[in-house]
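Hi everyone, thanks for coming.

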Amino acid sequence: MQARKKYIFLTFLASWLLLFFFGVDQLRRFAFFSGRKAEARRNWPHWTDRSLLKNFADPEELQRDGEHSLLSPQERRASQLSVYKNSRCRMETCFDFSRCEKNGFKVFTYPRERDQPISESYSKILTSLERSRYYTPNPEEACLFILSIDTLDRDHLSRQYVRDVDEKIRGFPLWNGGRNHLIFNLYSGTWPNYTEDLGFDIGQAILAKASFDTERFRPGFDISIPLFSKDHPQRGGERGWLYQDSLPPKKKYLLVFKGKRYLTGIGSGTRNALHHIHNGKDIISLTTCKHGKDWEKHKDTRCDKDNVDYEKFDYQELLHNSTFCIVPRGRRLGSFRFLEALQAACIPVLLSDGWELPFAEVIDWGKAAIVGSERLLLQIPSAVRCIHPERVLAFQQQTQFLWDAYFSSVDKIVHTTLEIIKDRLSLHRSRSRFLWNSLPGGLLVLPDFSTYLGDFPFYYLQHASSPSQKFTAFIRAVSQAGSLSQPILRLIQAVSGSQYCAQILVLWSCEKPPPPSGKWPQTTVPLTIIQGRRKLSDRFFPYGAIQTDAVLSLDEHTSLSTSEVDFAFVVWRSFPERIVGFPARSHFWDPEQRRWGYTSKWTNELSIVLTAAAFYHRYYHSLFTEYLPAGLRELVDGLAACEDILMNVLVAAVTKLPPIKVTQRKQHRETVPQQVKGTAGAAGSRRFSQRQDCLNQLVDWFGYMPLVSSQLRLDPVLFKDQVSVLRKKYPRLEK
């Protein structure tokens, strides 16, 4: 009996040991594969997520997808390196970081040779690089180099194919085996296989390529860019077809495709199968065989009917009236249809296995596109029908955001490429995935300013926070007298009396030195004098002394009361991403002159609030000085009264919103420098003309008119109402 109990005990113990050694391992494997499956599903839409995204992507949704969503490109690259250990190049092995340490991230383009033809598209790329804030004409300062040889079309049957590239680049003293070089390419390979061979050895150069195959893509080193046509705009670009915060009606078609059908060769399988999902009602799939010189030699029994049906529908009409657009692979993995669908707010349904999506290192395409499989084509209709209408709108809004932020012009495509590379160079300063995938986009959020969301004016409401409760008054003094005038003394007293004022900074931009400290008025807040360089752009320099979120920009002749300052600041705290102020102006299109006009007349619309008396976020100082190219700041310094227009244009381009005008007791009058008697009117007219010239030059630079008109003015509650003054919070505004 005793032996039997001992046997049972040993058997029980052995069973537990076996379960411990083998069972735990199985549980780990189960957890591992479950995690892998969950991660594989992560890029697909959550069909049951019914949260309505009222303003593009919901930040909570972006963060819900796991910690990966908040990883910076640098952190994601580190995780990718453990998977792609056999990659030939990484930033650590094929890029010389030391070249970027002394002068920062600077880009040099090789001088263009006169006898070397350059395509229209590559000329736009080079122009974008030279317009970039990172451009330098000095190769000794450069961190990144771009060839002047056109490498976009590497199909040797193309007229734009450049021969003997290997021989040419080996003769460049800066080539160094391709180290710290960036090469752009749109087309690689040729008939019939369309391989990714470029016809020359790129060495250790970073490859920015369209139609990138994931097997050849070097994660964290190469960059996938979109395929764009030669007609793609240099800058600006057309806006998306879905307006912000608009709920489109139910569209006529659910899913559409109209394009070429390849009868033979690579890419023919997917397009030949598209006719299986066509139902002639809400799913339209049209193909044509009529392309190429010898299409009749290869045509099949479907070609004649397909060609007839193909002509019955207009492609642009289908884009406008469809919810989803099929984007199948062509001869290469990418196609022009991808950008066309994004702009049209037609959610792309991608059928291109192995395609590394454009800028996928930073863009979460799971929020804007459906990534399908060529082998599961017949499941696409049922899959898209399952998406809730609110989710459809969220997808459409995200397509518009991505189109406008990164793809609407060659400038944005090139600058996005540069910013991704720059992020890789700084371990501690790189944009998170959230910043890249939410308004206003990665290009407009400078990590050199901060990596904390609360330091930017765009994310307060999303994160239930608010800007600081104090402001810095920034007064620009340009009087040539060298002494303190009565207007600036009254202004300092009025501003310092505000309960929200933290400090006063005076930018002294006069020829004579500022008066001694004893000549300045006594204030309850610190008053600091900053010596300026006598440039108009100085007033928007990111001075370290500005520590508050809000900046009150003032001219020395501005007349404001303490009540006006208090009320304007309270309004600004509700709209921290906008310019909030007093003197308003507007723009208009002059059809006779065929140019933009500028007016100071009191009308029912406004689009500019002069920075002679306005609140805005201090981040715009950094954006003005560091984001805008040097050429724009030089333009401002060369034209009188242009800097405040540029600031308004910049803020409107970032936010897509108009400024806000608040109550003011007296109409603001623009001051001009003291003139000889009888010439003041001419000086004012000249100043007004310069403002119009400035506005039109800025529109030409941006490629479109960023200013947004508004009919809104904010007044205090009970303003001008026939009630007791004691009931009003700002009674002095009515005096």
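Let's begin with two helices, α13 at residues 389-407 and α14 at residues 410-425, whose axes come within 7 Å and cross at roughly 80°. The axes here are lines fitted to C-alpha atoms, for helices over the stretch in contact, and the angles run from 0 to 180 degrees between N-to-C directions. Helices (H or I, at least four residues) and strands (E, at least two) are DSSP runs, numbered from the N terminus.

Which residues make the contact? On α13 they are D404, A405, Y406 and F407, and on α14 they are K412, I413 and T416; contact means heavy atoms within 4.5 Å. By class, this contact has four nonpolar, one polar and two charged residues. Nonpolar covers Ala, Val, Leu, Ile, Met, Phe, Trp, Tyr, Cys and Pro, charged covers Asp, Glu, Lys and Arg, and the others, Gly among them, are polar.

A word on what you are looking at. This is a predicted model, in which local features need pLDDT of at least 70 and side-chain atom pairs count only at pLDDT 80 or more, while totals for chains, interfaces and linings use all residues. Residues are numbered from 1 along each chain as its sequence is written, and side-chain values use heavy atoms, with hydrogens and water left out.

As for confidence, the mean pLDDT of the protein is 85, and 84% of its residues reach 70 or more; pLDDT is the predictor's confidence in each residue, from 0 to 100. Over residues 24-59, though, the pLDDT is below 50, and beyond near neighbours in sequence this stretch has 48 contacts in the model. Residues 75-86 also stay under 50, with 16 contacts beyond four places in sequence. Where pLDDT is low, the predicted coordinates should not be read in detail.

Five strands form an open sheet in the order β9-β8-β10-β11-β12, with parallel pairing; two strands pair if DSSP finds at least two bridges between them. β9 (283-288) and β12 (370-371) stand at the edges with a single partner strand each, so one side of each is left without a neighbour in the sheet. Inside the sheet, β10 (residues 322-328) and β11 (residues 347-351) pair in the parallel sense over five bridges, and P328 stands opposite L351 in β11. Helix α9 (residues 303-310) packs on this sheet, touching β8 (253-260) and β9, and its direction makes about 120° with that of β9. Our helix α13 packs on the sheet too, touching β10, β11 and β12, at about 85° to the direction of β11.

There is another open sheet of five strands, in the order β1-β2-β4-β6-β7, again with parallel pairing. Which strands stand at its edges? They are β1 (107-109) and β7 (223-224), each with a single partner strand, so one side of each has no neighbour in the sheet. Strands β4 (residues 181-185) and β6 (residues 206-209) pair in the parallel sense over four bridges, and the bridge partner of I183 in β6 is L207. Helix α5 (residues 120-131) packs on this sheet, touching β1, β2 (144-146) and β4, with its direction at about 140° to that of β1.

For an antiparallel pair, look at β18 (residues 584-590) and β19 (residues 595-599), which are joined over five bridges. H587 has Y598 as its bridge partner in β19. The hairpin has four residues between the strands, and R594 takes a positive phi near 55°.

Last, another pair of helices. α18 (residues 619-627) and α20 (residues 643-655) pack at an angle of about 100°, with their axes 11 Å apart, and are therefore roughly perpendicular to each other. Y620, L623, F624 and Y627 in α18 meet E643, L646, M647, L650, V651, V654 and T655 in α20. These residues divide into nine nonpolar, one polar and one charged. In the loop between α20 and β22 (660-662) you will find K656, whose phi is positive, near 60°.

Notes:
Angles under 35 degrees count as roughly parallel, over 145 as roughly antiparallel, 65 to 115 as roughly perpendicular and the rest as oblique.
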